[in-house]
Amino acid sequence: MAITSFSTGMRAVAATAFLAAAGLATGLKAQGLESTETVNRIVGSQVKQEEAKATAEARSVNTAIDRTRENIGTVRKTSKLDKVDIVFLTDAARSEGGPPPEIESKVKQHQDDITELRKEIEANALLFNAIESRRVQAQDVLAVEFDDPGKVVIYAAAKPSN
């Protein structure tokens, strides 16, 4: 009888813990990254987005790709930014056939560095949450540019999800 009582008590404790965890998870989902206020609080930076044609931005994107090796270190060290700009290169999305030839050749030339950059972005809570808030996958990031102190521009071969 004592064993049965113990097992019943343990089941009650386990059930209570499960329900508490489920309630906690629901609370976290309710706070999702949908809200601009939530994103800004988590990221601690203003996250903006814009759409552009890769062909029009080719020079800026290629310059940023050429700087990927040095920008990897900056991504690794970045813990606070005032502004994160995500530039959606809509005509470079996979659904559109990928980047135009002038960008694609730079991507191939710096392929290993871009792969490392993407891993560093995934490991950086600030940048990862910034791109995730706009539903950008790290594999769609072509380059980053730290053009002003406290600001980063992230070029993504993707279309915004609306």
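Helix α4 (residues 68-77) has five named buried residues: T68, N71, I72, G73 and V75. Buried means under 20% relative accessible area, exposed over 50%, and partly exposed in between, with a 1.4 Å probe and protein chains only. These buried residues pack against α3 (54-66), α6, α7 (125-133) and β3 (141-148). Helices (H or I, at least four residues) and strands (E, at least two) are DSSP runs, numbered from the N terminus.

This is a predicted model, in which local features need pLDDT of at least 70 and side-chain atom pairs count only at pLDDT 80 or more, while totals for chains, interfaces and linings use all residues. Residues are numbered from 1 along each chain as its sequence is written, and side-chain values use heavy atoms, with hydrogens and water left out.

R76 also lies in α4. Is R76 buried, partly exposed or exposed? R76 counts as partly exposed because its relative accessibility is 49%. R76 touches E116 and E120, not counting residues up to four places away in sequence; contact means heavy atoms within 4.5 Å. The side chains of R76 and E120 are joined by a polar contact of 3.0 Å. A polar contact is a pair of N or O atoms within 3.5 Å; within protein, one must be able to donate a hydrogen and the other to accept it, and residues adjacent in sequence count only if both atoms are side-chain atoms.

Next, the strands. Strand β2 (residues 83-89) is mostly covered, with six of its seven residues buried. Two strands pair if DSSP finds at least two bridges between them. β2 takes part in these pairings:

| Pair | Direction | Bridges | Example partners |
|---|---|---|---|
| β1 (residues 46-52) and β2 | parallel | seven | Q49 and I86 |
| β2 and β4 (residues 151-156) | parallel | six | V87 and Y155 |

In a regular strand, side chains alternate between the two faces of the sheet.

Last, the largest pocket. Its volume is about 240 Å³. Of the 15 residues that line this pocket, E104, V107, R118, Q139 and L142 are the closest to its centre. Two elements give two or more residues to the lining: α5 (101-109) and α6 (111-123). The largest share, four residues, comes from α6. By type, the lining divides into six nonpolar, four polar and five charged residues. In these counts, Ala, Val, Leu, Ile, Met, Phe, Trp, Tyr, Cys and Pro are nonpolar, Asp, Glu, Lys and Arg charged, and the others, Gly among them, polar. On a 1 Å grid over the protein atoms alone, a pocket is an open set of points where a 1.4 Å probe fits, with protein on both sides within 12 Å along at least five of seven lines; lining residues have an atom within 4 Å of a point.

Terms used:
Points joined across faces, edges and corners; volume = space filled by probe spheres on them.
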